[in-house]
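Please look over the sequence and the model below before reading on. The briefing that follows is meant to be read alongside them.

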Amino acid sequence: MKKFLLLLLLSPQLLFAQFTLVEGGLKVTDSDNDYIVYDFEGVSSQELYNRAKNAVISTFVSAKDVATENENEMISVNAVSNKEVYIKQMGIITNFIVNYNIRMRFKDGKVRVDLPIINYIKVDGPQLQNVYLTRGSNGMVASSLYVYKKNGDLRYKDFKSSFEKLFNRLITNLIDNIRNNNEKDNW
């Protein structure tokens, strides 16, 4: 029984519970804050900034084109994800283009990751329909797709899970890269 509980606690699904999709956008899981603070005891803000900069460079294909910096204080990443968020309906997969912005701020011993800002979501297809994280008409219409039904219920469970997975995995990877960046490369 103890082994089962340990495996459950170490499950990747639980590690990815930082952000949750709610009507209107993302929120920090189990918090009213619009940011998460990660502790890095004994590490200066300058070192955390440098590590984060390296993490962004190793995570994004063209980091210099997507990242802006306020030296030693903040890194802002504006990026586009394609085909990581999707829905499945009757065996057909519909992919989405998500344009987002993530900001990281630095203090001695701390990295603050602000709630990702969603600039836009579009259906990946010839018409590039807009996607809204709010209540709306039933399903896909000519130029819009609403993730929530008029009564507030979630319309697409695959959308919710893949959307949350995208951001939780991205933030986890960035923070892990910042944590592990202090190891020397012995090649």
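This is a predicted model: local features need pLDDT of at least 70, side-chain atom pairs count only at pLDDT 80 or more; totals for chains, interfaces and linings use all residues.

Residues are numbered from 1 along each chain as its sequence is written, and side-chain values use heavy atoms, with hydrogens and water left out.

**Overall make-up**

- The protein has five helices and 10 strands, where helices (H or I, at least four residues) and strands (E, at least two) are DSSP runs numbered from the N terminus.
- Of the 187 residues in the protein, 38% are buried; buried means under 20% relative accessible area, exposed means over 50%, and partly exposed lies in between (1.4 Å probe, protein chains only).
- Among contacts with a separation of 6 or more, 52% are between residues 24 or more positions apart, a contact being heavy atoms within 4.5 Å.

**The nonpolar core**

- The largest nonpolar core holds 45 residues, and those touching the most other members are Phe96, Met104, Phe159, Phe163 and Phe167; such a core is a set of buried Ala, Val, Leu, Ile, Met, Phe, Trp, Tyr and Cys residues joined through side-chain atoms within 4.5 Å.
- Helix H5 gives the most to this core, with nine residues.
- Apart from its neighbours within four places in sequence, Phe167 is in contact with Phe19, Leu26, Val98, Tyr100, Ile102, Pro116 and Ile118.

**Aromatic pairs**

- Rings of Phe, Tyr and Trp (its six-membered ring) pair if their centres lie within 6.5 Å, with planes under 30 degrees apart counted as stacked, over 60 as edge-to-face and the rest as tilted; by this rule there are six aromatic pairs.
- Tyr100 and Phe167 form an edge-to-face pair, at 5.1 Å centre to centre and with 85° between the planes.
- This pair links distant parts of the chain, since Tyr100 is in strand S6 (residues 92-107) and Phe167 is in helix H5 (residues 157-180), 67 residues apart, and both Tyr100 and Phe167 are buried.
- Phe163 and Phe167 also form an edge-to-face pair, at 5.2 Å centre to centre and with 65° between the planes.
- Because Phe163 and Phe167 are four residues apart in helix H5, about one helical turn separates them; Phe163 and Phe167 are both buried.
- One aromatic cluster is formed by Phe96, Tyr100, Phe159, Phe163 and Phe167.

**Charges over rings**

- Arg112 lies over the face of Tyr35, at 4.0 Å from the ring centre, where a charge sits over a ring if NZ of Lys or CZ of Arg is within 6 Å of the ring centre and within 35 degrees of the ring normal.
- The charged end of Arg179 sits over the ring of Phe40, at 4.4 Å from its centre.

- Asn101 lies in strand S6 and counts as buried because its relative accessibility is 9%.
- The side chains of Asn101 and Ser76 are joined by a polar contact of 3.1 Å, that is, a pair of N or O atoms within 3.5 Å, of which, within protein, one must be able to donate a hydrogen and the other to accept it, residues adjacent in sequence counting only if both atoms are side-chain atoms.
- Glu47 lies in helix H3 (residues 45-59) and is partly exposed, because its relative accessible area is 31%.
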